[in-house]
Amino acid sequence: MRLALPQLYRQLLVSTTTLLDEVPRPAILTGVGQQMPKRKQTKSYPRAVPGRKQVKLSGVPAEVSTRVMAPCKVELLAEPTKSSSDKKEYRVIRLENGLRALLISDIAYPLDKLDEEEKDVVEEEMELEDEEESESEVETGDEDDEEEDEEDDDDTPMKRPSSGSTGLKMSAAALCVHMGSFSDPDSIPGLAHFLEHMVFMGSKKFPEENSFESFIAKHGGYDNASTDTETTVFYFESPRRHFHEGMDRFAQFFISPLMKQEAMQREREAVDSEFQMALPSDENRILQIFGGLSKPGHP
């Protein structure tokens, strides 16, 4: 039976509560519930040396599984109202499990031209990788020779993939779950924020901790997540040629998260650290006052 995402997330909250009971509880997750800050993370940029040479520019990348999925009913919903100057195409769909998705396509730039430009970027990255490998094999001479090499390097600008007139952009995806800190049990405030951290700790298909963040950073992308009072949002961006694999890794957070018990203590401390950082915020204090003035029984 397929569950709507909020129901699945609620089940994860309940399961996390059960696992937390088996871990010694420090003075953490015991503060008042309030809006939590976004995960602290520095945006990464493309490295000169890519991780792999094999790239498929269209269709599904070779490293992504192409198994046949069971048929899924998709309902086409009304398109959103957009500005007359907005050249993007929008489509809103609802899946069989109740998940609603907004699909956005920027068609202002020809797709075949994007493929050509992306191919050029990959070839330049491969050339840079070959240069890096050849330079690493060359033995350095004496100190004078090294100084001369450094001067030559200073005079010669480092070769980078061209980024002049191009239509290449990042592809991006986000998921908003209609559950947040208001869904926390009274006995464990901060549980929703804790769950946001835990889903990054590996899935059945990609069991390594933080493997998603490593993959996104390796390819010059960015990812983050935040827990609010009524919603939890996960999002990422990556180059177009790595987007399919990024989506596969991203989806596994909500399909089969491992919820590793050995990572719970560490992530609880991380949540408590972010909570302490949020305490001096006047905005959070105002929200807490509103919460204290609400009628009993209200979230």
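In this predicted model, methionine 259 sits in a loop. That loop runs between helix H6 (243–255) and helix H7 (264–278). Methionine 259 is not a glycine, yet its phi is positive, at about 50 degrees. Most residues other than glycine have a negative phi. Methionine 259 is also buried, because its relative accessibility is 10% and the cut-off for burial is under 20%.

Asparagine 210 likewise has a positive phi. The angle is near 60 degrees, and the residue is again one other than glycine. Asparagine 210 belongs to the loop between helix H4 (191–198) and helix H5 (211–218). Its relative accessibility is 26%, so asparagine 210 counts as partly exposed.

The chain as a whole contains 8 helices and 6 strands. Along the sequence, these elements follow the order α-β-β-β-α-α-β-α-α-β-β-α-α-α. The chain has 299 residues, and 34% of them count as buried. Its accessible surface comes to about 18900 Å². Carbon and sulfur atoms account for 52% of that surface. Contacts were also sorted by separation in sequence. Among contacts between residues at least 6 apart, 74% join residues at least 24 apart.

Serine 171 is buried, because its relative accessibility is 17%. Neighbours within four places in sequence were set aside. Serine 171 then contacts Phe236, Glu237, Ser238, Arg240 and Phe243. One of these partners, Arg240, also takes part in a salt bridge, with glutamate 118.

Side chains of opposite charge can pair when their charged atoms come close. The structure holds 9 salt bridges. One of them joins arginine 94 to glutamate 75. The closest N and O atoms of this pair are 3.0 Å apart. Arginine 94 lies in strand S2 (residues 89–95), and glutamate 75 lies in strand S1 (residues 74–77). The pair therefore ties together parts that are 19 residues apart in sequence. Arginine 94 is partly exposed, with 30% relative accessibility. Glutamate 75 is partly exposed too, with a relative accessible area of 39%.

A second salt bridge links the side chains of glutamate 118 and arginine 240. The N to O distance is 3.3 Å. Glutamate 118 lies in helix H2, whereas arginine 240 lies in the loop between strand S6 (232–239) and H6. This bridge therefore ties together parts that are 122 residues apart in sequence. Glutamate 118 is buried, at 2% relative accessibility. Arginine 240 is partly exposed, at 23%.

Arginine 266 and glutamate 267 also meet in a salt bridge through their side chains. Here the N to O distance is 3.8 Å. Arginine 266 is partly exposed, with a relative accessible area of 40%. Glutamate 267 is buried, because its relative accessible area is 9%. Elsewhere, salt bridges with shared partners join Asp115, Glu118 and Arg240 into one network.

Asp112, Glu116, Asp120 and Glu123 form a negative surface patch. One of its members, glutamate 123, is located in helix H2 (residues 111–137). Glutamate 123 counts as partly exposed, because its relative accessibility is 37%.

A nonpolar surface patch is made by Ile286, Leu287, Ile289, Phe290 and Leu293. Its area is about 520 Å². Among its members, leucine 293 lies in helix H8 (residues 282–293). Leucine 293 is exposed, because its relative accessible area is 69% and the cut-off for this class is over 50%.

Methods:
Residues numbered from 1 in each chain as written. Predicted model: local features only at pLDDT ≥ 70, side-chain atom pairs only at ≥ 80, totals over all residues. Heavy atoms only, no water. Patch = residues over 30% accessible without salt bridge, like charges linked within 9 Å, V, L, I, M, F, W, Y side chains within 5 Å. Areas by Shrake-Rupley, 256 points an atom, 1.4 Å probe, with all protein chains shown as cover. Salt bridge = Lys/Arg side-chain N within 4 Å of Asp/Glu carboxyl O. Lys, Arg positive; Asp, Glu negative; His and termini not counted. Charge placed at Lys NZ, Arg CZ, Asp CG, Glu CD. Helix = DSSP H or I, 4+ residues; strand = E, 2+ residues; numbered from the N terminus. Buried < 20%, exposed > 50% of the residue type's maximum accessible area, 1.4 Å probe, protein only. Contact = heavy atoms within 4.5 Å.
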